[in-house]
Amino acid sequence: MNLKKCDVAEIIECFIMENNLKPDDKLPSERSLCESSGASRTLVRAAINQLIQEGVLYSRIGSGTFIKRPKVCRQLQNYIPFKTTVENEGRKFSTSVLSFQKIESNKNIARHLHLTLGYPVYELRRLRFIDDDPFMIDVSYIDAKRFEKLNEYDFSKKSLYKVLEQVYHTRIHKGQEKTSITFASRFESSVLSIKEGEALFYISGLARDENDSPVEYAKVVVKKDQVKFSCYLEN
Amino acid sequence: MNTINYLTPIYIQLRELLRTKIEEGEFPPGSVIPSDTTLAGQYGVNKLTARNAINALIGEGLLKRVQGRGVYVLYGKIEQDLGLLAGFTSTMNRNERKPSIKVLEFKTRTAGHKYATIFHINPEDEIYYIRRLCLADDESTSLEEIFIPRSAAKRLEGINLSIFSLREAFNLLGIRLERAYETLEIVEIDAQEARLLDTVDQRNVFLVRYSSQDHNGTTVEYGKCYIRGDKFSFSVNYLNSQSKSNGNGS
C-alpha cells in the first residue's frame, strides 16, 4: 500500500470519529497506530505533527498524544464581542489593560480616523486571556476630544463598545477588518509568552457608527494556536 | 518625515523619485526598472548614488534584485474579500494578477468515514480528489486539496482542470454554488509542502478550510487550502446586528 502522510492523518481522524474521542482523551501509541494503519513510524509521526499543527491533537512529552479542544471560532461577519464567543464555548475570558494614554495622531491614525495630523487620540492597549492564557493584544485608537474622559473607565472590567454606547451614545454599526500574518516582536513575544518571531494573526480594523463615521481604529495581534476565524459566504 | 527639497542629499532625492514612479504606476509591479547605469546617465548622477537609491528601496521591500535579470518592482499582497463567494481565478482577476493552476493529482477514491460525514454520503461512495498548486503571475500562492462527491459532479473527470478553473468546470456541469462556510487559521507546513509553495524559509501559512453548497443545500465541495501569508491578506466587512443595549429595537 502506497500510503502518504495525508492518508495516515485521515486514518487517525477517522479513528477519532469512530471511537467518539473527546478533548483530552488519549490517542493510541505510535506503535499501535503503525500496526493498525500499516504505515511506517516516520509517516505516523509526520501525520501526528500535521494534526498537531492543525489543532486536532496536542502532545505531552512522556505522556503521549491527546485530542485537543477545538480552537475558539470567531465569526467575522456579524459583530459578536470576543468575550461572548469565548464564553459561549464554555471558556473563561479576561482582560488586563497594558496602557491607556493620550497621544498625538500620526499620519496613519489620522488618516483612518479622518482626523488631522497631531489630533489628540486615546491609545488603549489591552491584553486578553482565554482560561488565563494570554492570547491577544488589542490596540485601539479613539478621538480623545469626541470621547472626552474616556480614560476614567476601567477597561479591564468594562467593554469599550458598551461604554461608547451607554455614555457617549455612539453605537458601532459596522466596520472593516483586514487579516494578515505577522511575526511577534520582542514586546509581543514577552507579553504573549511565545518566542520572538513566531507567527501571529495581524488584524487591522476600522469600526464605524450609524453615520458611517470612523470611531475606532484597531490593530490587533492574535496567537495562532487558540483561535480560528469563520465566515459565511453567499453568492 | 521631512519634506524633500533641493538641499536633501541626492541619493534620497533619487530614492523618492523612484518611489513616486512606482506608486504612480510608471514602473508597474513585475516590471524591471532601468539599471543603475541608465539612471545615473539619465539624471547625471554617480552610479554609486543610483545604486544607493535602489538599495534603499530594496531594503524597504518595494524592489527585488534578481541575479542576471535586473531589479524588479514587487507586487503588493492579493486581497481576498471573505464576503464574496469567489473562486481563485476571479480573485486573481480582481487583483489584476495572471492566474495559473498546476494539477498535481486527480483521482477517484472511496469517501471513507471522514468525508462520508462531511458530504452526508456512505463511506463506500466515491469522491473525486484534486490536489493543485495555484500561482499568481507564475509565483506559487496556494496549495489546495479539494474533495467532491461523485454523485454531485458526474463526469468531472472529463474536464481538463489545467485549462478550466473549478468554477468553470462546475458551470459546465450545471452546478451552481449558492453558499459556503469557511474557516481561517495559521499553521506550520512541512518541508515538502513548503518546497511546493516556494516558501522554504517561512513555513507559517494560512490554512483555509471551506465547504460549498448548491441551491439544494447539497455539499458539493470541501477544500483545504494552504495560502502564503506574504502573498495574501483577507478582508471582511462586518455588521453589528445586536440589539441596542438601551432597549430600543433596531
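User: How many salt bridges are there between chain B and chain A?

Analyst: This is a predicted model, and the count between chain B and chain A is 10 salt bridges. One of the salt bridges joins the side chains of E54(A) and R209(B), at 3.4 Å, N to O.

User: And how many residue pairs are in polar contact?

Analyst: Between chain B and chain A there are 25 residue pairs in polar contact, both residues at pLDDT 80 or more.

User: Which element gives the largest share of the side of chain B that touches chain A?

Analyst: That's β7(B), with 12 residues. Elements of chain B that each supply at least two residues include α5 (112-119), β8 (204-214) and β10 (232-239). By class, that side of chain B has 19 nonpolar, 15 polar and 16 charged residues.

User: What area is buried between chain B and chain A?

Analyst: About 4,600 Å², with carbon and sulfur atoms giving 50% of it. On the chain B side, I186(B), Y238(B) and N240(B) lose the most area to chain A, together 18% of what that side buries. As for contacts, 50 residues of chain B touch 48 residues of chain A.

User: Switching to helices. At what angle do α2 and α3 of chain B cross?

Analyst: Roughly 115°, and the axes of α2 (residues 36-43) and α3 (residues 47-59) come within 8 Å. The crossing of α2(B) and α3(B) is right-handed.

User: Which residues make that contact?

Analyst: From α2(B), D36(B), T37(B), L39(B) and A40(B); from α3(B), K47(B), A50(B), R51(B) and I54(B). That splits into 4 nonpolar, 1 polar and 3 charged residues.

Definitions and conventions:
Residues numbered from 1 in each chain as written. Chains lettered and ligands numbered in written order. Predicted model: local features only at pLDDT ≥ 70, side-chain atom pairs only at ≥ 80, totals over all residues. Heavy atoms only, no water. Axes fitted to C-alpha atoms, helices over the stretch in contact; angles between N-to-C directions. Helix = DSSP H or I, 4+ residues; strand = E, 2+ residues; numbered from the N terminus. Left-handed = near helix turned anticlockwise from the far one by under 90°. Contact = heavy atoms within 4.5 Å. Nonpolar A, V, L, I, M, F, W, Y, C, P; charged D, E, K, R; others polar. Buried area = accessible area lost by both parts, 1.4 Å probe. Salt bridge = Lys/Arg side-chain N within 4 Å of Asp/Glu carboxyl O. Polar contact = N/O pair within 3.5 Å; in protein donor to acceptor, adjacent residues only side chain to side chain.
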